[in-house]
Amino acid sequence: MRRYGKHTDEDDIRSRPNRKGNRPRTNIRPKHEDAAEGMVLTVDRGRLTCLVEDRVVLAMKARELGRKAAVVGDRVALVGDLSGRKDTLARIVRIEERGSVLRRTADDDDPYERVVVANADQLAVVTALADPEPRPRLIDRCLVAAYDGGLDPLLVMTKSDLAPPDKLLELYGDLDIPYVVTSREELENGDAADRVREQLGGLVTAFVGHSGVGKTTLVNALVPRDRRRLTGHVNAVTGRGRHTTTSALALPLGGDEEGWVIDTPGVRSFGLAHVDPSRVIHAFPDLEPGTAGCPRACSHDEPDCALDAWVAEGHADPARLYSLRRLLATRERREGD
């Protein structure tokens with residue numbers, strides 16, 4: 001007879017049998033202390049290609065990670081079949097803390113933040129000097145994202161056989177950003193790749209740029225054994241290039257240099273909705289010292305802003321202040337909607 005009261009005899013309580021024969025569900029998750037370490041090389045429709053030691057392993061995200069997503073460059077922990085054989089699938093059970101993050105939004109009105117690359121040391125901003133024409137404001141936005149995410153910028157100018165780099169070099173000359181100028185001929189004979197490679201040794205470098213600037217062609221020259229059929233053509237009417245890279249991909253630099261290059265899809269815009277406006281000034285080190293005389297909570301686009309006097313005294317190019325204020329004005333319009 002089942003007894004109820006203060007001292008219930010648990011042996012008298014009947015339990016319903018588990019008809020499926022499986023283990024009961026629990027909130028206790030395994031720690032996976034024996035999981036192998038890996039690096040995400042690319043992501044394609046929920047499947048992640050990872051490098052585990054010297055093997056390329058296909059994996060999927062474990063359900064226990066919830067909505068947390070792994071991106072190219074992430075250091076992850078994997079369990080399951082790590083052989084890398086065909087038709088095998090491992091599970092990513094943990095995403096390690098990120099040292100840096102390159103983020104963007106589709107535009108300044110888009111609240112959805114997209115993480116493009118994780119754990120990169122350097123951001124190579126690739127721009128053509130002609131065909132298509134350079135877009136300084138897009139370069140500025142990439143610099144903002146680099147400084148905000150903890151990456152060091154590198155400026156790579158292509159197609160110098162079509163136009164000289166003097167104007168861009170003058171515009172960014174006071175920023176102390178390392179740069180490399182290349183031409184089509186130098187890409188063909190390997191000289192350009194050698195000069196760029198000198199800036200990449202021992203680092204993880206993400207390459208960004210709008211379509212048609214020769215970004216993927218440069219990556220293919222840096223990593224020829226991983227050459228892909230991705231090179232497109234510039235539209236003669238719009239001046240815009242066709243997208244030739246559809247997802248970010250990490251490739252080992254190889255040769256005598258240790259390092260990684262990450263090719264990313266060509267961008268037509270680089271939204272900064274995720275960036276705190278007060279941090280935008282950090283991408284303009286030529287202007288930042290001039291803010292010492294600004295009033296409290298200065299928007300840097302008002303009559304009392306000290307940056308006007310800073311530029312008038314010749315400490316920075318007026319075009320740089322124009323670029324900064326354009327970015328801040330774009331952000332202010334979004335916040336006021």
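Helix 5 (residues 215–222) is largely enclosed by the rest of the structure, because six of its eight residues are buried. These residues are K215, T216, L218, V219, N220 and L222. Buried here means under 20% relative accessible area, exposed means over 50%, and partly exposed lies in between (1.4 Å probe, protein chains only). Helices (H or I, at least four residues) and strands (E, at least two) are DSSP runs, numbered from the N terminus.

The model is predicted: local features need pLDDT of at least 70 and side-chain atom pairs count only at pLDDT 80 or more, whereas totals for chains, interfaces and linings use all residues. Residues are numbered from 1 along each chain as its sequence is written, and side-chain values use heavy atoms, with hydrogens and water left out.

**Overall organisation**

The protein chain contains seven helices and 13 strands. Of its 337 residues, 46% are buried. The chain exposes about 19,500 Å², of which carbon and sulfur atoms supply 47%; the areas come from the Shrake-Rupley method with a 1.4 Å probe, and for residues only the protein chains shown count as cover. Contact means heavy atoms within 4.5 Å. Among contacts between residues at least 6 apart in sequence, 64% join residues at least 24 apart.

**Nonpolar cores and rings**

A nonpolar core is a set of buried Ala, Val, Leu, Ile, Met, Phe, Trp, Tyr and Cys residues joined through side-chain atoms within 4.5 Å. The largest such core has 55 residues, and L123, L287 and L324 touch the most other members. Helix 1 (residues 136–149) gives the most to this core, with seven residues. Apart from this core lies another of 21 residues, among them A124, A128, L187 and L253. With neighbours within four places in sequence left aside, L123 is in contact with L102, C142, A146, L151, D152, P153, L154, A206 and V208.

R104 lies over the face of F270, at 5.7 Å from the ring centre. For such a placement, NZ of Lys or CZ of Arg must be within 6 Å of the ring centre and within 35 degrees of the ring normal.

**Buried loop residues**

T88 lies in the loop between strand 4 (75–80) and strand 5 (90–95), and is buried at a relative accessible area of 15%. The T88 side chain reaches the backbone oxygen of R85 at 2.5 Å, a polar contact (a pair of N or O atoms within 3.5 Å; within protein, one must be able to donate a hydrogen and the other to accept it, and residues adjacent in sequence count only if both atoms are side-chain atoms). Beyond its neighbours within four places in sequence, T88 is in contact with L58, D81 and S83.

T264 is found in the loop between strand 13 (260–263) and helix 6 (307–312). This residue is buried, at 2% relative accessibility, and its side chain reaches the backbone oxygen of F207 at 2.5 Å. The C-alpha atoms of T264 and A248 are separated by 4.2 Å, although the two residues are 16 apart along the chain.

A248 itself lies in the loop between helix 5 and strand 12 (249–252). Not counting residues up to four places away in sequence, A248 touches L41, T42, V43, V72, V116, I262, D263, T264 and P265.

V71 is placed in the loop between strand 3 (55–61) and strand 4. V71 and M39 are 32 residues apart in sequence and 9.5 Å apart in space, C-alpha to C-alpha.

| Residue | Relative accessibility | Class |
|---|---|---|
| V71 | 12% | buried |
| A248 | 11% | buried |
| E53 | 64% | exposed |
| D87 | 76% | exposed |

**Backbone geometry**

Most residues other than glycine have a negative phi, and most peptide bonds are trans. E53, in the loop between strand 2 (47–52) and strand 3, has a positive phi of about 55° although it is not a glycine. D87 lies in the loop between strand 4 and strand 5 and, likewise not a glycine, has a positive phi of about 65°. The peptide bond from D131 to P132 is cis, with omega near 5°. P132 lies in the loop between strand 8 (122–128) and helix 1.
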